[in-house]
Amino acid sequence: MTIEKWNLKKSASCFKCGDATIHDVEVDTYTLKITCRDCGFTRYYKFHMVETPPQCD
Ligand SMILES: [Zn+2]
């Protein structure tokens, strides 16, 4: 099964250059990458979470 990445855009203040710029948001299966279009500063988030349904007996 091929998983397609999500490529999103978000306007936000950059952590590094401080400008309110467009940030590219790339969402993969377990990662989230946010890149400032102005200075190229990139933040990564990695996640691997599970949720188990409540037990019913
Ligand atoms: Zn920036």
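This is a predicted model: local features need pLDDT of at least 70, side-chain atom pairs count only at pLDDT 80 or more; totals for chains, interfaces and linings use all residues.
View 1. Glu26 has its place in strand E2, and, when neighbours within four places in sequence are left aside, Glu26 is in contact with Lys5, Asn7 and Lys33.

**View 2. The pairing of strands E2 and E3.** Strand E2, which covers residues 20–27, pairs with strand E3, which covers residues 31–36, and the two run in the antiparallel sense over five bridges. Within this pairing, Asp24 has Thr35 in E3 as its bridge partner.

View 3. Four strands form an open sheet in the order E1-E2-E3-E4, and their pairing is antiparallel. Strand E1 (6–13) and strand E4 (42–46) are the edge strands, each of which pairs on one side only. From one strand to the next, the twist averages 20 degrees.

View 4. Phe41 is placed in the loop between E3 and E4, and Phe41 is partly exposed, since 15 other C-beta atoms lie within 10 Å. Not counting residues up to four places away in sequence, Phe41 touches Cys14, Phe15, Lys16, Cys17 and Cys36. Cys14, one of these residues, is 27 residues from Phe41 in sequence, while the C-alpha atoms of the two are 8.0 Å apart in space.

**View 5. The setting of the close-ups in the whole chain.** The protein has zero helices and four strands, and the pattern read along its sequence is β-β-β-β. The radius of gyration is 16 Å, well over the 10 Å that the globule rule gives for 57 residues, so the protein is more spread out than a compact globule. Taken along the principal axes, the box filled by the C-alpha atoms is roughly 55 × 25 × 15 Å. Of the 57 residues, 5% count as buried, and, among the contacts with a separation of 6 or more, 14% come from residues 24 or more positions apart.

Terms used: Residues are numbered from 1 along each chain as its sequence is written. Two strands pair if DSSP finds at least two bridges between them. Axes are lines fitted to C-alpha atoms, for helices over the stretch in contact, and angles run from 0 to 180 degrees between N-to-C directions. A residue is buried if 20 or more other C-beta atoms lie within 10 Å of its own, exposed if 12 or fewer, and partly exposed in between; C-beta atoms are placed from the backbone. Two residues are in contact if their C-beta atoms, placed from the backbone, lie within 7 Å. The radius of gyration is taken over C-alpha atoms; the globule rule is 2.2 Å times the number of residues to the power 0.38.
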